[in-house]
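Visitor: I have a model open and want to learn how to read its packing and its interface. Where do we start?

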Amino acid sequence: MSNLVIIPILLPLFTAVLMLLFKYNLNRTKQAAAAALLLNTFYSAFLVYRVFSQGPIVLETGGWKAPYGIVLVADYLSVLLVLAANVVTSAAILYAFHTLEQRLQKFYFYPLVLLLLTGVSGAFMTGDLFNLFVFFEVLLMASYALIILGGSKQQFRESLKYIILNLFSSILFVTTVSFLYSVTGTVNMAQLAERVAEVEQRGVLTGIGILLFIVFATKGALFPLYFWLPKSYTAPPSVISALFGALLTKVGIYSILRVFSLIFVHKLELTHSFFLVLAALTMLAGVIGALSTNNVKLIIAYNILPAIGFMMIGIGTFSADSLAGTIYYLLHDMGIKAALFFLAGLLAMHAGTSDLRKMSGYIHSAPVLGWLFFLSCLVLAGLPPFSGFIGKLILLKSAMLEGHYTVTGIGLFSSLLILFSVIRIFIGAFWGEHQEPKHPIPKTALASAGALVAIGVFMGIGAESVYPWIQIAGDWLNDPSGYISTVLKEGAE
Amino acid sequence: MEIVMCILAGSLFAAGIYMLLQKQLLRVILGTALLSHGAHLFILTMGKLNRGAPPVLEKAAESYTDPLPQALILTSIVISFGVTSFLLVLAYRAYQTNHTDRMDELKGLEDE
């Protein structure tokens, strides 16, 4: 029965490999991608139901018992994230049908997206630190290929930075895992947690924890290590930017969340208060960047950073509520960031430029796009009753309760600036004198962005029905013994 | 023996980082290759360098090499091989498109 866990990883992988066989038949590739993603999304929804009703599922690959073999763990957090990743990827595929150039679609776009999803789901599900590195490489390899899809000069310049930086952090990751192995003698996360707890995270272990944090912070674009993100995320076509913005940095944040709620939790005053400082700085750097530019896509890309800052507040505060808030915000942000990238991409396509100063009055030619954009701005900035509000409320309230007033203040202040930076797009592009649009807007693309915004609205208005599930996941993270006994007990049987 | 390996891996890291900071793209790629070699040596050393029986569990063997780091290195080598070859192709294509392989000359190419 535990084989249930591996299906969301295998299905996209096999579909991607099969697609390579008929790459010239674009229609069939599209159908296969859509079918696989639809199936996978429904399957992940089933997995969420199953895990929440019957408890986490552990798969010991190859029948090797827990601390020795590689384990895949579908716990409350990972199934929710896998479902969100599948929803976002399905929306992206729908968006790509009519917005991405045929030439690019033919160049392995769909297989690469599915491989990206394979890596992302794998990273969410794995219970083994070295295996996490392997899945990181799977998703990075797909992202390297996606970021240069099209091969323009700008893409080459930005992708080189992106690739070399990620390569360096991957090498650091392997080195850190080997340090950790030499100290603890294991790479299984549950056993690591147990052994680190035994010695109360003494001596070198905190140093190793910080090294791991640097690795994940590079992937998740935290304060001093975010410089590569905005420009390289705007270089590829907007559907790829949306996938990156919604999935890749979130994998980094997920890894920090997992490692620093499970393994390195015994020196909170050192590590987690350090996170709060970084959270504040990341939020400020993000909003300042978002206000500094007139490029629509770049504004949205800079807006990834404050969201990461908010999630770091949750991890830094480290209480059951703040962890639940982090998970809620993570899910909210995956959907809404993708939607905003979609809408900004449609706007840039409609206007024929991504320079805000050259746009005006598109509300006449694209009313649906305009209002959808307005709505998603409100969801992003966190106006009640939408999902951004609930997420920020939980995070900031729990930070206040723990007495972190400065970071709460900075969070509120940066929310205001986030709203200002995105409303600036709405005012600049949709108000004023009407201009002739360059390109009509494909309905399917609009529908996929609309669906994601609708999920954001639902998560806010229907928070009463969504939040209890997330609270279960938050409590689960707050108490690592559940994870440890689930993974290791099955090994003893 | 571990000390020697550590010094070797350390110097590989130092050389790799020096190369990574160069302006020429090819040197940067060679730098990443050196770095990954350093990391692999580290993994090998961290599993303790034992002589003796092969890494198969037998009751008679008193000392055997740890099989896990070897498995990790093997995986890591395959990955770094793939990434390096991808980077080389990318560097070649970037050279064809931009007519330069120096990172500092890529700055001014705004094509918007």
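Visitor: Which residues does A:Val113 touch, not counting residues up to four places away in sequence?

Guide: First, a caution: this model is predicted. A:Val113 touches A:Thr89, A:Ile93, A:Leu146 and A:Leu243. A:Val113 sits in helix 4 of chain A, residues 102-125.

Visitor: Is A:Val113 buried or exposed?

Guide: The cut-off for buried is under 20% relative accessible area. A:Val113 has 2%, so A:Val113 is buried.

Visitor: Which residues have the most contacts inside the largest nonpolar core?

Guide: They are A:Phe109, A:Leu129, A:Tyr162 and A:Phe173, in a core of 232 residues. Helix 14 of chain A, residues 320-351, gives the most to this core: 20 residues. Domain 1 (1-266) and domain 2 (267-461) of chain A both contribute, so the core lies between them. Take A:Phe109: its contacts include A:Ala96, A:Leu100, A:Leu146 and A:Val239.

Visitor: What does UniProt place at residues 127-417 of chain A?

Guide: The unreviewed UniProt entry gives "domain: NADH:quinone oxidoreductase/Mrp antiporter transmembrane" there. Over residues 127-417 the chain is 79% helix and 0% strand. The end C-alpha atoms lie 38 Å apart.

Visitor: How many residues of chain A are in contact with chain B?

Guide: Interface size is often given as the accessible area lost when the parts come together. Here, 29 residues of chain A contact 36 of chain B. The buried area is about 3100 Å², and carbon and sulfur atoms give 79% of it.

Notes: Residues numbered from 1 in each chain as written. Chains lettered and ligands numbered in written order. Predicted model: local features only at pLDDT ≥ 70, side-chain atom pairs only at ≥ 80, totals over all residues. Heavy atoms only, no water. Core = buried A, V, L, I, M, F, W, Y, C linked by side-chain atoms within 4.5 Å. Buried < 20%, exposed > 50% of the residue type's maximum accessible area, 1.4 Å probe, protein only. Helix = DSSP H or I, 4+ residues; strand = E, 2+ residues; numbered from the N terminus. Domains from an automatic or database assignment. Contact = heavy atoms within 4.5 Å. UniProt positions renumbered as here; feature names shortened; annotations may be inferred. Buried area = accessible area lost by both parts, 1.4 Å probe.
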